[in-house]
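Please keep the sequence and the model open beside you as you read.

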Amino acid sequence: MEAFIAVARARGFRGAALQGNVSASALSAALRRLESRLGVRLLNRTTRSVTPTEAGQRLLDRLAPLIGDIGGALDSINAYRDSPTGTLRLNVPSIVARHVLPPIATRFLKAHPGITLDVITDDAFVDMLAAGCDAGIRYEERVERDMIAMPIGPRTQRFVAAASPSYLAERGRPAKPQDLVNHACIRHRFPSGVIAAWEFERRGKTVRIRPDGPLLASTIEMEVEAAVAGLGIIHTFEEFLQPQLESGALEPVLEDWCQGFTGPLLYYPSRTHMPAPLRAFVDFIRNEGTQQGDGEVRRTK
């Protein structure tokens, strides 16, 4: 039944297998056994998609809450353990996976050796619950509505623009954001296909630029390497460029226009019926945040 719910929600065996850390063949075999036992087809399978039949959708609607209640009942015995056990599945963007979560995860797992942390890195807009995750980490504008949210990691971050000394010697240094239209710029494409505008802010004035340039990529490593090689100006999270800025391989430009923003938020659906690993993680982050005066908020927009 758990296999059926996972495949129906993921709309495919491969996605469900990745989320559940099992093989697609094992899920397929489980579904065949369930359908054979019930004598009813639950899923329509094609080479392109897997969707519930009418009977399957009715079963899913009735079964999913029951399975959740069973999981909650089993999880409640964690209160009798010295330390909670289980798996905590988090959906996070790449900047968080690389530069925010590692030290936090290390401290948390040392404090809770019975918990396994399963981190899924995804820069796209996602339905965290539909993706089979217990919680997510995103920036404020990307946190889903009606979620409980709390700060995690740095309270502020910023984007910076930078270029190599050789590029600046050849092309000059931009004095204002509008000058970037006359420069070669290295742009980033998000998994959704969106190529975001570059935003700069100074003394309450915001300037949005859609620059052009010789490279458009989806991997930050390629973009940074191109900037270091003198291909153009890069604009991204300061953390991604910190080693190159410290070594002098890249130099910041438009520093007085660097845009700051609120750091990432941990978000989850409810304080009630929380799995023990998630409850332990929330308490851990809350205790760290209490030292900085942070608390939970509910996203309503």
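1. How many of the five residues of strand E6 (residues 147–151) are buried? The strand is mostly covered, and five of its five residues are buried. Here "buried" means under 20% relative accessible area, "exposed" over 50% and "partly exposed" in between, using a 1.4 Å probe and protein chains only. Strands (E, at least two residues) and helices (H or I, at least four) are DSSP runs, numbered from the N terminus.

2. A word on what you are looking at. This is a predicted model, in which local features need pLDDT of at least 70 and side-chain atom pairs count only at pLDDT 80 or more, while totals for chains, interfaces and linings use all residues. Residues are numbered from 1 along each chain as its sequence is written, and side-chain values use heavy atoms, with hydrogens and water left out.

3. Now the overall picture. The protein chain has ten helices and 16 strands. Of its 301 residues, 42% are buried. Take the contacts (heavy atoms within 4.5 Å) between residues at least 6 apart in sequence: 74% of them join residues at least 24 apart.

4. Back to E6 and its two sides. In a regular strand the side chains alternate between the two faces of the sheet. Met 147, Ala 149 and Pro 151 point one way from E6, Ile 148 and Met 150 point the other way, and all are buried. E6 pairs with strand E15 (residues 265–268) in the antiparallel sense, over four bridges; pairing requires that DSSP finds at least two bridges between two strands. Within this pair, Ile 148 stands opposite Tyr 268 in E15.

5. Next, look at two helices. H1 (residues 2–10) and H3 (residues 24–38) pack at an angle of about 115°, and their axes are 9 Å apart. Axes are lines fitted to C-alpha atoms, for helices over the stretch in contact, and angles run from 0 to 180 degrees between N-to-C directions. H1 and H3 are therefore roughly perpendicular to each other; that label covers 65 to 115 degrees, with under 35 counted as roughly parallel, over 145 as roughly antiparallel and the rest as oblique. Ala 3, Phe 4 and Val 7 of H1 make the contact with Leu 27, Ala 30, Leu 31 and Leu 34 of H3.

6. Which residues does Thr 236 contact, leaving aside its neighbours within four places in sequence? They are Arg 158, Phe 159, Val 160, Ile 220 and Leu 241. Thr 236 is found in strand E12 (residues 233–237) and is buried, with a relative accessible area of 7%.

7. Arg 208 lies in strand E10 (residues 205–209). Arg 208 and Ala 197 are eleven residues apart in sequence, and their C-alpha atoms are 6.2 Å apart in space. Not counting residues up to four places away in sequence, Arg 208 touches Ala 197, Trp 198 and Glu 199.

8. Finally, two backbone angles to check. Most residues other than glycine have a negative phi. Arg 11, although not a glycine, has a positive phi of about 60°; it lies in the loop between H1 and helix H2 (13–20). Leu 254, also not a glycine, has a positive phi of about 55° and is found in the loop between strand E13 (251–253) and strand E14 (259–262). Arg 11 is partly exposed, at 42% relative accessible area, whereas Leu 254 is buried, at 5%.
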